[in-house]
Amino acid sequence: MINSIFEAILQILSHPPSRREHGYDAVVLLALLVNYRKYEVTGLLSGQLLSFFLFRQYKDKEEEHQSGFFSALTNMVGSMFIADAHEKISVQTNEAILLALYEAVHLNRNFITVLAQSHPEMGLVTSPVSPAPTTPVTPLGTTPPSSDDLMVEFIVTHMMKEFPMDLYIRCIQVVHKLLCYQKKCRVRLHYTWRELWSALINLLKFLMSNETVLLAKHNIFTLALMIVNLFNMFITYGDTFLPTPSSYDELYYEIIRMHQSFDNLYSMVLRLSTNAGQWKEAASKVTHALVNIRAIINHFNPKIESYAAVNHISQLSEEQVLEVVRANYDTLTLKLQDGLDQYERYSEQHKEAAFFKELVRSISTNVRRNLAFHTLSQEVLLKEFSTIS
């Protein structure tokens, strides 16, 4: 029964005219089927079907704008949140398609491969490149966004005292998993990595500035440790996935330029790790994770100051700092850190399972409420789908 249903839906989604007319309803049906006794029925096929539809439904739009696969997905999802001027934006309006997108990502084991290789400017780099810069404020759909663009946009737009810690954890986990994949498969993205580095450093600054308020509700050191280890990933393995050698130089430049933020973070975690408080162990982990970042800062800063003094320069340009960095790599000593390219696989937690249960109920209710039976003609439907086996 289930197999025949999936086969019928597959034929609907494979046929452009029927996909245009019934594609949305087919995807909603798939989302509901996937969530019905979801832990007892294999979801891989349904996840592939959802991914197939989301790609095919917006392929024409993708070709029109010459953007990437992920851009098409983000444009589709982003358009769901555009409401009339007098209406309050409601996520529930299109919660069914959002659930379908989630299941397509969650269930399709090949999605990470598609995602990591779908950036419109991605390629194996053999010569220096000059990628067009993208910024967190660039509207989605204007410049084809990558997954990193979306993560950066989330990071810089959700720093608030009502801090969404769970979402930030997920966000950093997404970036980490993508870096692990790029490192493993030697995938080099033509991406302005400085945007990500800057966003991560600003997030650390926010955590430090609101230490008292945030610690009353969250263990901010878990997130701080994840952020520091992202930098450690770039430091240790950046040569395997950054697009050019100069990108690696820019990483060091950014760490040196923002050294005060890392110094302040070290002071904060050192203070708490030497006290007998509840944050002693968590803060201590961040202290140890900062060892290579501090080694970079302590190694290059004196050499930069010496260069400035010898050449009687009050403020060095970026190129002059990079010149000092390139000339002093050989004398830099870093410690090998284990487990940086290991990540925890995502699984639906108990509280998330309860959330999805309520979400499916809401979607089912909305489907029943909005289904217009008077527009359905059994004779027409049977004739239209008479070829479905």
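Select I201 first. Leaving aside neighbours within four places in sequence, I201 is in contact with F231, E254, M258, S261 and F262. Contact here means heavy atoms within 4.5 Å.

Before moving on, a word on what is on screen. This is a predicted model, where local features need pLDDT of at least 70 and side-chain atom pairs count only at pLDDT 80 or more, while totals for chains, interfaces and linings use all residues. Residues are numbered from 1 along each chain as its sequence is written, and side-chain values use heavy atoms, with hydrogens and water left out.

**Stop 1: around I201**

Stay on I201. It sits in helix α10, residues 193–209. Helices (H or I, at least four residues) and strands (E, at least two) are DSSP runs, numbered from the N terminus. Is I201 buried or exposed? I201 is buried, at a relative accessible area of 2%. Buried means under 20% relative accessible area, exposed means over 50%, and partly exposed lies in between (1.4 Å probe, protein chains only).

I201 and V228 are 27 residues apart in sequence. From C-alpha to C-alpha they are 9.1 Å apart in space.

Now pick E254, one of the contacts of I201. E254 lies in helix α13. E254 is buried, with a relative accessible area of 5%. Leaving aside neighbours within four places in sequence, E254 is in contact with R194, W197 and I201.

Next, click M258. Where is M258? M258 is in the loop between α13 and α14 (259–273). M258 counts as buried, at 15% relative accessibility. Leaving aside neighbours within four places in sequence, M258 is in contact with I201 and K205. M258 and S198 are 60 residues apart in sequence, yet their C-alpha atoms are 8.9 Å apart in space.

**Stop 2: α12 with α13**

Select α12 and residues 245–257, which form helix α13. Two packed helices are described by the angle between their axes and the distance between the axes. Axes are lines fitted to C-alpha atoms, for helices over the stretch in contact, and angles run from 0 to 180 degrees between N-to-C directions. At what angle do α12 and α13 pack? The angle is about 155°, with the axes 10 Å apart. That makes α12 roughly antiparallel to α13. Angles under 35 degrees count as roughly parallel, over 145 as roughly antiparallel, 65 to 115 as roughly perpendicular and the rest as oblique.

The crossing of α12 and α13 is left-handed. A crossing is left-handed if the near helix is turned anticlockwise from the far one by less than a right angle, and right-handed if clockwise.

Show the side chains. From α12, take F231, F234, I235, G238 and D239. They meet Y248, L251, Y252 and I255 of α13. By class, this contact has 7 nonpolar, 1 polar and 1 charged residues. Ala, Val, Leu, Ile, Met, Phe, Trp, Tyr, Cys and Pro count as nonpolar, Asp, Glu, Lys and Arg as charged, and the others, Gly among them, as polar.

**Stop 3: α9 with α12**

α9 passes α12 in a left-handed crossing. The contact includes I169, I172 and L179 of α9, and L223, M226 and F234 of α12. Its residues divide into 16 nonpolar, 5 polar and 1 charged.

Zoom in on Q182 in α9. Q182 counts as buried, at 1% relative accessibility. Leaving aside neighbours within four places in sequence, Q182 is in contact with V187, L189, W193, T240 and F241.

**Stop 4: two loop residues**

Most residues other than glycine have a negative phi. Select R186, in the loop between α9 and α10. Phi of R186 is near 55°, a positive value. R186 counts as partly exposed, at 43% relative accessibility.

Now jump to H312, in the loop between α16 (291–310) and α17 (318–327). Phi of H312 is also positive, near 55°. H312 counts as exposed, at 74% relative accessibility.

**Last stop: the whole chain**

Zoom out. How many helices and strands does the chain have? The chain has 19 helices and 0 strands. Of its 389 residues, 45% are buried.
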